[in-house]
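Here's a friendly walk through one protein model. Keep the sequence and the 3D view open while you read.

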Amino acid sequence: MLVREAMTSPVVTTVPSATVRQAIRVLHERDVTALPVVDAEGRLVGIVSEMDLLRGEFEADPRAFARPRTTPSAPVPRHVEDVMTRDVQTARPTTDVAELAETMVRTRIKSVPVVDARTVVGIISRRDLIAMLARGDARIRDDVVAAISEIAPGGPAWEVSVEDGVVELRGPHDERAQKIVEVLARTVPGVTRVCVRPGVQP
C-alpha cells in the first residue's frame, strides 16, 4: 500500500505567525495531534505537535505544593514559529506504507507530513495506520476480490481467504498471473501479508 492510499487529505495546516493558542484551538476542534506549518505558498517549513504547544502553557497551582513555587523567568512562547520543529521527517505520496511504518516505530514520530515538491498534500499518523489495520477481514476480502475482477473480468477464478489481514490466494499454475494478483492484493488497505498458493491444475 502507498502512503497516498492511507494519508489524510486535505490536511489541516497552520502558519508560523499563528499564536500558540490559535494552534491549540485548531488541534482541539479538528481532533488532530499535529499541524504541518506552511508558508504563504503552501510549502512546508515545520510541524507543531500537541507536545510542542503544551510547553509553558500551564502555571503551577499553589494548592498542590506545601511551599510556593517560583515562576520561570523565561518568556512563554507566543507563536507557532517559536515552538515548531523545523527539521521535519516527510513522506511522498508514493512512499511504501510498510517502509514509513518502520520509520515511525524506529523514530517514535507520531505524524508525518506528505509532500509533493515541498507542497503539503496530506499527513499520515499512527492513527491512520491503525485504522488501516482495523479493517475487518470480510471487507478486505471483498476489496481483494473486486480488485482482481476489475483487472481480469471473466478471467480464471481465484479463491481468496483472509485471516487477521493476511490474504491467501489460490488459483492457476501461472507465475505471471500469480504475480499480478499478489501485487493487486498488496494494494488493498488493511492487507498485511499476501500468500499465493497454486490451486488445482486444470
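Let's start with E182, which sits in helix α7, a stretch covering residues 175-186. Keep in mind that this is a predicted model. Is E182 buried or exposed? With a relative accessibility of 18%, E182 counts as buried, because the cut-off for buried is under 20%. And which residues does E182 touch, leaving aside those up to four places away in sequence? They are L169, V194 and V196.

Helix α7 also has a helix partner. Two packed helices are described by the angle between their axes and the distance between the axes. For helix α6 (residues 137-151) and α7, the axes come within 9 Å and cross at roughly 135 degrees. That angle makes α6 oblique to α7, and the crossing is right-handed. On the α6 side, the contact is made by V144, A147, I148 and I151; on the α7 side, V181, L184 and A185 take part.

Skipping residues up to four places away in sequence, I148 touches W158, V160, L169, V181 and L184. L169 is on that list, and E182 touches L169 as well. As for W158, the C-alpha atoms of I148 and W158 are 8.4 Å apart in space, while the two residues are ten apart in sequence.

Now for the charged side chains. How many salt bridges are there? The count comes to eight. Here are three of them, with the N to O distance for each.

| Salt bridge | N to O distance |
|---|---|
| R127 and D31 | 3.7 Å |
| R43 and D39 | 3.0 Å |
| E41 and R43 | 3.1 Å |

Take the pairing of R127 with D31, where the side chains meet at 3.7 Å, N to O. R127 lies in helix α5 (residues 126-133), and D31 is in the loop between α1 (20-30) and β1 (34-38), so the pair ties together parts that are 96 residues apart in sequence. R127 is partly exposed, at 47% relative accessibility, whereas D31 is exposed, with a relative accessible area of 53%.

R43 is partly exposed, with a relative accessible area of 33%, while E41, at 55% relative accessibility, counts as exposed.

Finally, step back to the whole chain. What elements does the protein chain have? There are seven helices and seven strands. Reading from the N terminus, their order is α-β-β-α-α-α-β-β-α-α-β-β-α-β.

What about contacts across the sequence? Among contacts between residues at least 6 apart in sequence, 59% join residues at least 24 apart.

Methods: Residues numbered from 1 in each chain as written. Predicted model: local features only at pLDDT ≥ 70, side-chain atom pairs only at ≥ 80, totals over all residues. Heavy atoms only, no water. Helix = DSSP H or I, 4+ residues; strand = E, 2+ residues; numbered from the N terminus. Contact = heavy atoms within 4.5 Å. Buried < 20%, exposed > 50% of the residue type's maximum accessible area, 1.4 Å probe, protein only. Salt bridge = Lys/Arg side-chain N within 4 Å of Asp/Glu carboxyl O. Axes fitted to C-alpha atoms, helices over the stretch in contact; angles between N-to-C directions. Parallel < 35°, antiparallel > 145°, perpendicular 65-115°, else oblique. Left-handed = near helix turned anticlockwise from the far one by under 90°.
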